[in-house]
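Subject: Structure for your attention

Dear colleague,

Please find the structure below, followed by an account of what was found in it. I would be grateful if you kept it open while reading.

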Amino acid sequence: MKHDPLIPMLGVVTAIRTDTPDVKTFRVTGADGQKPFIHIPGQCAMLSIPGVGEALFSITSSPTEETYLDFSIKKCGCVTAWLHQMEVGQQITIRGPYGNGFPVDTELTGKDLLFIAGGIGLAPLHAVINYCRHYRDRYGKIDIVYGSRSKQDLVDFPEITEQWCKESGINVHLTIDNPQPDWDGHVGFVPNYVKELNFDTAKTVLMCGPPIMIKFTLAGLMELGFSREQIYTTMELRMKCALGKCGRCNIGDKYVCKDGPVFRFDQLDELPDEY
Amino acid sequence: MKKIAISKLNDLFSAISKEKVLYIPADDGANQARFTPWQEGLTLTDKLNTVRSAKDLFFPQVENLVNFKNSGKAIQIIENRTEPQPFVLFGVRACDCRSFDILDRVFLSDPVDTFYKTRREQGVVITLACNRPTETCFCGVFGIDGADPQGDVTCWMDEAALYWRANTEKGEALTAALPMLTDCAEEAIDPIAAKIRSILSKLPLNDLDLTGFNRDRMMELFNSPQWEDLSQSCLGCGTCTFVCPTCQCYDVQDFDDGQQVRRFRCWDSCMFSDFTMMAHGTNRPTQKERFRQRFMHKLSYFPNNNDGIFGCVGCGRCLQKCPIHMHIVKVAKALKEDLK
């Protein structure tokens with residue numbers, strides 16, 4: 001009997017962390033306790049609960065974590081709602097890794113990196129950030145702009161404040177949409193904050209967030225003098241196979257699952273604006 | 001080249017079906033032809049083509065992928081796929097036969113779809129030249145010759161005999177097991193082919209010109225003002241997709257039968273409003289975008305990725321079945337106007 005790429009393997013949820021009112025991070029291993037597969041930062045995996053459905057999620061942990069995969073998942077549909085109510089020890093199915101990932105070992109090496117994330121958009125960038133922290137000498141300065149609706153909506157706040165913020169060569173710029181009593185940081189939307197920070201245009205940008213944030217931040221970066229060749233983003237569309245066959249994530253002559261999910265904006269300019 | 005008298009066709013079918021399941025296009029009692037497993041008494045249809053394409057045999061409308069059993073926090077993965085039995089598909093037309101090349105490029109490209117691949121390996125395709133191509137046929141636009149189709153074996157028919165030419169190893173192997181086929185001269189089919197070609201040359205849609213539908217014009221085609229008008233009457237019924245021999249988009253769904261969860265895949269259509277629906281909405285919100293996706297995929301996206309081969313074979317099923325009489329030739333001609 002041949003093994004088909006649509007047939008998943010078993011996974012086990014070994015830890016669940018509640019990040020925000022609607023985001024949890026699930027730690028997943030194979031049924032044997034080992035990491036299910038090796039991935040590149042920015043790649044995705046198909047998770048499913050039989051009878052509920054299967055959906056694609058970006059892998060939040062860095063490949064340098066040797067024993068598990070983490071998935072930070074926002075509760076917003078059928079599969080995610082089910083994932084949010086499960087308990088540690090629950091088995092799920094997993095298949096992957098899918099997609100191209102960020103070019104961490106080629107185009108990004110030696111560069112000053114600027115990460116821009118909004119809300120759950122931190123999930124795929126988290127893998128890249130921790131990969132770059134692990135191989136710190138391969139990359140230049142790192143700036144991270146991360147914004148969300150409120151302090152409570154910042155995903156993985158303890159790791160950000162206790163680790164990222166304290167490392168030399170890494171500047172973290174947090175912002176929330178509205179003022180709140182226990183927040184003395186920046187208040188305002190990500191696109192405006194990026195413009196205020198007035199980054200030098202030698203940096204390579206990695207951006208992920210809601211479409212409206214991407215749109216205005218991209219415009220802001222253009223105003224600052226960045227070119228579209230320097231800016232990467234990662235996309236998500238509905239997918240069923242993640243193998244470039246089921247047809248759902250087809251945009252122009254690309255399949256987001258296979259040719260993406262990571263694209264540079266100059267590459268996206270050549271495609272219909274249907275994402 | 002081999003031949004067998006028409007009066008002996010039953011013997012031929014009977015011999016083939018001793019070794020393998022044989023499908024032939026036969027009338028379904030509702031004035032339509034369908035590929036039907038042969039059994040004693042079943043005769044070939046005299047209809048030009050089957051109502052549904054031959055893709056059904058390699059990419060069925062619904063197929064089970066895997067089963068699961070949930071118990072508490074545990075999941076059991078039950079791989080229960082059955083390997084397809086060897087089969088012979090007789091009477092495939094030139095258009096449908098070309099559609100297999102197109103489906104191959106999707107399902108056999110890395111990572112290979114093993115469900116499709118095993119069916120392709122187990123299936124022997126016997127094509128039949130089209131004696132009476134009709135006004136909805138335009139396979140010639142795509143370089144397909146209705147008078148000389150491809151396949152493991154090619155057949156031609158006249159009133160007296162069926163002529164048989166093996167094209168591949170699979171075809172040779174099948175031929176060797178059929179002693180009732182007798183040798184005949186290659187030229188025997190010339191009058192049949194000449195007659196077919198004279199009809200093909202007069203077909204009204206065969207003059208469709210697709211030059212200019214290349215990669216550099218992709219965005220120009222996408223942004224054409226024609227899509228608004230063309231898509232206005234589209235009902236989004238998906239009939240075109242289901243009868244199309246090259247449409248291969250699929251859905252994967254779970255069905256809980258009370259004992260096990262069956263994960264199956266089934267045909268889907270980019271014409272449907274929920275095709276790209278996500279928790280936060282859809283990226284193709286109106287029928288215009290969905291309509292455009294289907295035609296852009298066949299006329300631009302697919303050829304861009306596949307050496308210029310269009311994702312259409314000119315079988316004409318969508319022309320016959322669309323409830324609003326919209327079809328790919330009309331679309332291509334309207335777009336072509338704009339390219340000037």
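In chain B, eight strands make up an open sheet with mixed pairing, in the order 3-2-6-7-8-9-1-10. Strands here are DSSP runs of E with at least two residues, helices are DSSP runs of H or I with at least four residues, and both are numbered from the N terminus. Two strands pair if DSSP finds at least two bridges between them. Strands of a sheet pair through backbone hydrogen bonds, either parallel or antiparallel.

Strand 3 (33-37) and strand 10 (182-183) of chain B stand at the edges; each has a single partner strand, so one side of each lacks a neighbour in the sheet. Strand 7 (residues 123-128) and strand 8 (residues 153-157) of chain B are paired in the parallel sense over three bridges. In strand 8 of chain B, B:Thr154 stands opposite B:Thr127.

Please note that this is a predicted model, in which local features need pLDDT of at least 70 and side-chain atom pairs count only at pLDDT 80 or more, while totals for chains, interfaces and linings use all residues. Residues are numbered from 1 along each chain as its sequence is written, and chains are lettered from A and ligands numbered from 1 in the order in which they are written.

Helix 1 (residues 9-19) of chain B lies across strand 1 (2-5), strand 2 (21-27), strand 6 (87-92) and strand 9 (161-166) of chain B, and runs at about 140° to strand 2 of chain B. (Axes are lines fitted to C-alpha atoms, for helices over the stretch in contact, and angles run from 0 to 180 degrees between N-to-C directions.) Which residues of helix 1 of chain B are buried? They are B:Phe13, B:Ile16 and B:Ser17. These residues cover an arc of only 95° around the axis, which puts them on the same side of helix 1 of chain B; the arc is that of the directions from the helix axis to the C-beta atoms. A residue is buried if 20 or more other C-beta atoms lie within 10 Å of its own, exposed if 12 or fewer, and partly exposed in between, with C-beta atoms placed from the backbone. On the other side of helix 1 of chain B, B:Lys18 and B:Glu19 are exposed. Strand 2 and strand 6 of chain B are among the elements that cover the buried residues of helix 1 of chain B.

Neighbours within four places in sequence aside, B:Leu89 is in contact (C-beta atoms, placed from the backbone, within 7 Å) with residues including B:Tyr23, B:Phe35 and B:Val125.

B:Lys202 is found in the loop between helix 5 (190-200) and helix 6 (218-222) of chain B. B:Lys202 counts as exposed because it has 9 C-beta neighbours inside 10 Å.

Chain B has eleven helices and 14 strands. Its radius of gyration is 22 Å, close to the 20 Å that the globule rule gives for 340 residues, so chain B is as compact as a globular protein of that length. The radius is taken over C-alpha atoms, and the rule is 2.2 Å times the number of residues to the power 0.38. Of the 340 residues of chain B, 39% count as buried. Chain A has six helices and 15 strands, and 53% of its 275 residues are buried.

Yours sincerely

Definitions and conventions
Contact = placed C-beta atoms within 7 Å.
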